[in-house]
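Student: I'm new to this one and would like a close look at a single part. Could you walk me through a charged residue and whatever pairs with it?

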Amino acid sequence: MGPRGAARLALAVALALGAAGAALGLRHRARARAPRGGGGGGLTAAAAGGEACGGLRGVPAALGNNTHQCVFDDLSGSVSLSWVGDSTGVILVLTTFQVPLVIMSFGQSKLYRSEDYGKTFKDITSLINNTFIRTEFGMAIGPENSGKVILTGDVSGGSRGGRIFRSSDFAKNFVQTDLPFHPLVQITYHPQNSSCLLALSTENGLWVSRDFGETWEEIHKAVCLAKWGANDTIFFTTYLNNSCTDLGLLELKKTSDFGKAFKVIGTKIYSFGLGGRFLFASVMTEKGTTRRIHVSLDQGETWNMAQLPSVGHEQFYSILAANDDLVFMHVDEPGDTGFGTIYTSDDRGIVYSKSLERHLYTTTGGETDFTNVTSLRGIYITSVLSEDNSIQSVITFDRGGEWVPLRKPKNTTCDSTARSKEECSLHIHASYSISQKLNVPMAPLSEPNAVGIVIAHGSVGGAISVMSPDVYISDDGGYTWARMLEGPHHYAILDSGGLIVAIEHTSQPVNIIEFSTDEGQCWYRYAFSKDPIFFTGLASEPGARSMNVSIWGFRGSFLSRKWVSYTIDFSELLSRTCEDKDYTIWLAHSSNPSIPSDGCILGYKEQYRRLRKSSVCQNGRDYMVTKQPTVCPCTLEDFLCDFGYYRPENQSICVEQPELKGHDLEFCLYGRRELLKTSGYRKIPGDKCLGGESPSRQETDMKKKCTSNFLNPSQLAASTSSTPIILAVVAVLLITVVAGVLIIKKYVCGGRFLVHRYSVLRQHAEANGVEGMDALDPGTPASKGGYHDDSDEDLLE
């Protein structure tokens with residue numbers, strides 16, 4: 001998730017009525033289904049295997065009295081939702097209708113506000129003077145519970161600047177402010193001080209406000225990309241030849257005093273990015289045909305060259321994930337292969353080791369299935385492209401130390417992609433499947449406070465199947481899986497995992513929501529409306545603590561369409577607050593309780609206090625994950641393959657890379673040549689094991705100076721400016737708190753700016769509002785549609 005209180009539509013998937021035809025029409029269900037046209041409040045129940053289940057009483061009455069309908073009776077082509085603050089109940093809904101004409105376009109917006117989690121809405125369009133709001137800029141919500149909101153209005157072409165509407169009281173009131181520039185992308189907040197703003201102008205100028213947008217100041221011109229850094233630092237690239245398209249010729253600068261002084265910290269820059277405590281720069285080499293990654297731990301004051309392969313013009317780097325002590329870096333293979341290699345770093349971000357070969361990362365679409373399982377530490381899922389060009393899923397439980405196939409779920413048979421009907425594995429559908437327009441409405445889902453739960457679409461066989469998938473759930477972080485629902489669904493996690501809701505993915509109108517109180521074992525079906533709607537998205541408050549879920553859709557044809565939402569409050573159904581007796585102690589990563597090392601991952605084991613599946617109660621908003629860690633002795637599983645070594649697929653030992661056999665392993669560190677003597681292993685960053693096995697490893701100072709002149713250190717000097725200069729912001733630094741560690745995760749969907757607080761329910765088959773969209777092409781204006789299709793962009797987020 002984004003910062004606490006960041007507003008984003010947790011599970012919005014846009015679905016076109018016209019585009020949802022044959023490709024989305026397959027449904028496979030084993031259980032009896034309530035009639036689609038049945039009366040509201042109807043209920044049926046069945047277990048995942050088809051048998052009857054019980055345990056809940058008075059469901060129709062409890063939910064029927066707490067199902068709230070809202071109809072938005074205005075001309076509207078799309079609906080946008082945004083949560084304002086954390087646990088405030090405030091939601092903003094922006095409906096828009098726009099018709100492009102020959103010379104100009106006609107548009108209409110309506111703004112609605114709810115204070116009760118979407119149960120009722122009030123039309124507050126008059127607060128923004130009935131102005132048409134530009135939906136491509138999103139609703140910019142301030143960090144934490146600041147209550148700040150910024151909307152960007154549309155102005156006539158001849159105006160001097162743009163127009164914004166600002167609110168500091170959770171959208172109760174708005175102040176209109178005319179800007180001295182036209183914004184190019186969404187205005188971005190300082191991560192810790194919501195009164196400080198950055199904005200990029202259409203003329204590549206960066207403007208800064210320190211009073212929440214009331215006044216603005218140009219601080220630099222000719223800026224291509226800018227980001228907030230630590231404290232008040234702003235990093236940005238500038239062009240020298242009148243174009244941001246001159247990648248590899250840009251300068252990287254920083255200011256720590258809002259533009260009073262600037263310092264050049266790099267030249268020959270192709271792109272840059274921030275992840276955890278690391279600052280990365282992709283720098284052109286002297287040859288001008290290849291580039292290398294450089295890393296800084298002191299905000300650009302000093303740099304080290306990462307021990308990664310260089311890439312050419314047809315290749316790219318991408319930071320898949322980064323926290324304070326580990327980086328997952330994808331390096332594209334030469335040629336249009338569609339795959340590359342994942343490398344993992346040491347705690348300095350300098351020395352890298354091969355983690356996974358043939359990692360699927362398409363150049364035609366720019367999609368990767370790399371997924372962080374946030375419900376348990378150390379776990380990631382992704383896809384590899386096999387030699388026969390089939391796509392297979394793999395999982396790591398130790399931060400990339402070893403990757404293995406996902407276990408075949410019990411009571412399932414292997415499909416036609418498997419060589420054997422009994423020996424196969426589970427394959428997960430993620431971003432790549434969605435980009436290929438398969439019948440997959442959602443990517444995998446996990447939440448930090450829903451311990452161990454992972455929900456994903458998948459198929460069971462030898463590789464990912466193009467057939468309509470089922471929904472699978474894991475309650476132990478991905479070690480074991482079970483089929484949860486037949487056919488594709490939209491799903492959401494509520495009440496810290498105590499409640500899961502789902503709606504069938506179909507082109508037909510729906511009026512049934514399914515829910516489970518035992519982590520997907522038993523499902524209840526509730527008819528939320530007598531009249532079905534064309535469903536467009538499930539909306540629940542970020543953080544998975546809410547007991548409310550909103551079902552969004554529409555009725556009618558294109559010209560008479562009315563948006564409608566149904567908000568269901570489950571708190572009366574699960575009215576009992578969970579007690580100590582409702583919880584049990586669970587050992588994470590456990591596979592063999594008979595051995596002392598059972599549960600040891602990354603040097604320690606953790607016992608969690610988890611809700612019993614049989615308990616029908618409410619965790620509540622104040623629920624906190626509690627765990628008890630115990631340090632473990634070291635084994636080889638606590639070590640990554642060292643620089644120059646890798647683990648072949650399905651093997652646990654590290655072997656030397658063939659191309660490096662017989663060569664001294666040297667690298668440059670802080671200006672000194674270092675010689676590495678290793679037995680092939682290095683401790684995983686963040687691993688806390690003590691004693692036990694300790695493979696030999698030694699870095700020896702060779703007493704030789706070394707420098708990387710790619711950054712032109714002679715030009716890295718401080719400079720001041722007596723005149724205002726303009727800076728450009730093209731991206732937002734997205735901070736995600738996962739198990740107490742700051743994680744910056746990169747999802748590549750081709751968007752040119754970040755809209756992690758904003759999602760759109762549109763009537764087309766593309767999924768918008770994906771958290772973390774931020775490509776690094778600094779010369780292209782903001783655009784939410786489409787996918788990353790420039791294979792030589794470096795995605796350093």
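Tutor: Let's begin with Lys627, which is partly exposed, with a relative accessible area of 40%. Here buried means under 20% relative accessible area, exposed means over 50%, and partly exposed falls in between, using a 1.4 Å probe and protein chains only. Before going further, keep in mind that this is a predicted model, in which local features need pLDDT of at least 70, side-chain atom pairs count only at pLDDT 80 or more, and totals for chains, interfaces and linings use all residues. Residues are numbered from 1 along each chain as its sequence is written, and side-chain values use heavy atoms, with hydrogens and water left out.

Now for the partner. Lys627 forms a salt bridge with Glu606, and their closest N and O atoms are 3.6 Å apart. Because Glu606 lies in strand β44 and Lys627 in strand β45 (residues 627–631), the pair ties together parts that are 21 residues apart in sequence. A salt bridge, by the way, is a side-chain nitrogen of Lys or Arg within 4 Å of a carboxyl oxygen of Asp or Glu. Strands are DSSP runs of E with at least two residues, numbered from the N terminus. In general, side chains of opposite charge can pair when their charged atoms come close.

Glu606 itself has 4% relative accessibility, so it counts as buried. Glu606 also meets the side chain of Arg377 in a salt bridge, at 2.6 Å from N to O. That pair links distant parts of the chain: Glu606 sits in β44 (residues 604–611), while Arg377 is in the loop between β28 (371–372) and β29 (380–385), 229 residues away.

How many salt bridges does a search of the whole structure find? The count is 24. Among them is one between the side chains of Arg576 and Glu579, at 3.6 Å from N to O. Arg576, at 32% relative accessibility, counts as partly exposed, and Glu579, at 39%, is partly exposed as well. There is also a network of salt bridges, which links Asp475, Glu519, Arg610 and Lys613.

Terms used. Helices (H or I, at least four residues) and strands (E, at least two) are DSSP runs, numbered from the N terminus.
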